[in-house]
Every structure is written in structure tokens, then in C-alpha cells.
Amino acid sequence: MNTEKALHARSGSKCELCGAAESLSVYEVPPNSDGSSDQCALACETCREQIENSLKVDAHHWRCLNESMWSQIPAVQVIAWRMLKSLSAEG
């Protein structure tokens with residue numbers, strides 16, 4: 001099974017960060033991702049855009065981290081921690 005299919009199966013075809021069901025794609029968690037499903041997350045376009053460009057961060061969108069930070073998936077935990085850390089600088 002390829003990575004994208006594995007992520008869709010794992011997440012129920014929803015963004016693993018905010019739960020959106022539209023515009024999903026594989027996000028490889030830098031810096032050492034090998035492209036495996038263990039080191040990737042399924043993310044919507046909104047989350048990806050804000051992860052990759054800190055100037056576009058909408059703090060209200062990231063309220064979803066209240067739930068996703070408790071994920072059992074290490075890649076999702078890393079993204080949630082990084083976003084929480086970056087948002088704490090704004091507050």
C-alpha cells in the first residue's frame with residue numbers, strides 16, 4: 001500500500017490536524033522524513049499552507065490542536081507541537 005492510501009485509511013480520509021475532508025495531500029514532516037506513513041500526515045490545503053508559511057497563520061484555525069495534539073501518530077504529534085510552539089510566540 002502506498003503512503004497516501006495508508007494515510008487515507010489511517011485518518012478516515014480527513015485532515016489529521018483539523019478534520020477537514022477537502023483538498024487533502026501527504027505532508028512529509030521535515031527534516032528527516034523518509035516518505036513512509038509513520039513520518040507523514042494527511043493534511044488539508046489550509047493546514048499545509050499555514051505550516052509552510054508562518055505569515056499566513058490564522059490562530060483561530062489552529063484551535064483544532066486541542067484534539068489533534070492527543071493523536072497517537074508521532075508525525076501528527078510533531079506537527080501539533082511545532083504549531084503550538086509557533087503560536088505561543090504570537091500570544
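Because the model is predicted, local features need pLDDT of at least 70 and side-chain atom pairs count only at pLDDT 80 or more, while totals for chains, interfaces and linings use all residues. Residues are numbered from 1 along each chain as its sequence is written, and side-chain values use heavy atoms, with hydrogens and water left out.

**Stop 1: the largest pocket**

Select Arg10, Ser11, Lys14, Cys15, Glu16, Leu17, Cys18, Gly19, Cys64, Glu67, Ser68 and Ile73, which line the largest pocket. A pocket here is an open set of points on a 1 Å grid over the protein atoms alone, where a 1.4 Å probe fits, with protein on both sides within 12 Å along at least five of seven lines; lining residues have an atom within 4 Å of a point. The volume is about 180 Å³, taken as the space filled by probe spheres set on the points, which are joined across faces, edges and corners.

Colour the lining by type: five residues are nonpolar, three polar and four charged. In this count Ala, Val, Leu, Ile, Met, Phe, Trp, Tyr, Cys and Pro are nonpolar, Asp, Glu, Lys and Arg are charged, and the others, Gly among them, are polar. Helices α1 (3-11) and α3 (65-68) each supply at least two lining residues. Helices (H or I, at least four residues) and strands (E, at least two) are DSSP runs, numbered from the N terminus.

**Stop 2: Ser68**

Stay with the lining and pick Ser68, which sits in helix α3. Ser68 is buried, at 7% relative accessible area; buried means under 20%, exposed over 50%, and partly exposed in between (1.4 Å probe, protein chains only). Beyond its neighbours within four places in sequence, Ser68 is in contact (heavy atoms within 4.5 Å) with Glu16, Leu17 and Val76.

**Stop 3: the salt bridges**

How many salt bridges does a search of the whole structure find? There are three, each a side-chain nitrogen of Lys or Arg within 4 Å of a carboxyl oxygen of Asp or Glu.

- Arg10 and Glu16: the closest N and O atoms are 2.9 Å apart. Arg10 is partly exposed at 28% relative accessibility, whereas Glu16 is buried at 13%.
- Arg48 and Glu52: the closest N and O atoms are 3.1 Å apart. The two residues are four apart in helix α2 (residues 45-52), so about one helical turn separates them.
- Glu49 and Lys56: the closest N and O atoms are 3.6 Å apart. Glu49 is partly exposed at 37%, and Lys56 is partly exposed at 43%.

**Stop 4: helix α2**

Show the side chains of Cys47, Gln50 and Ile51, which are buried in α2. Seen down the helix axis, the buried residues fall within an arc of 105 degrees, so they line one face of α2; the arc is that of the directions from the helix axis to the C-beta atoms. Then turn to the face away from the buried side, where Glu45 and Glu52 are exposed.

**Stop 5: helix α1**

Which residues of α1 are buried? They are Ala6, Leu7 and Ser11. Viewed along the axis of α1, they fall within an arc of 115 degrees and so line one face of the helix. Their cover includes β1 and β2. On the other side of α1, select Lys5 and Ala9, which are exposed.
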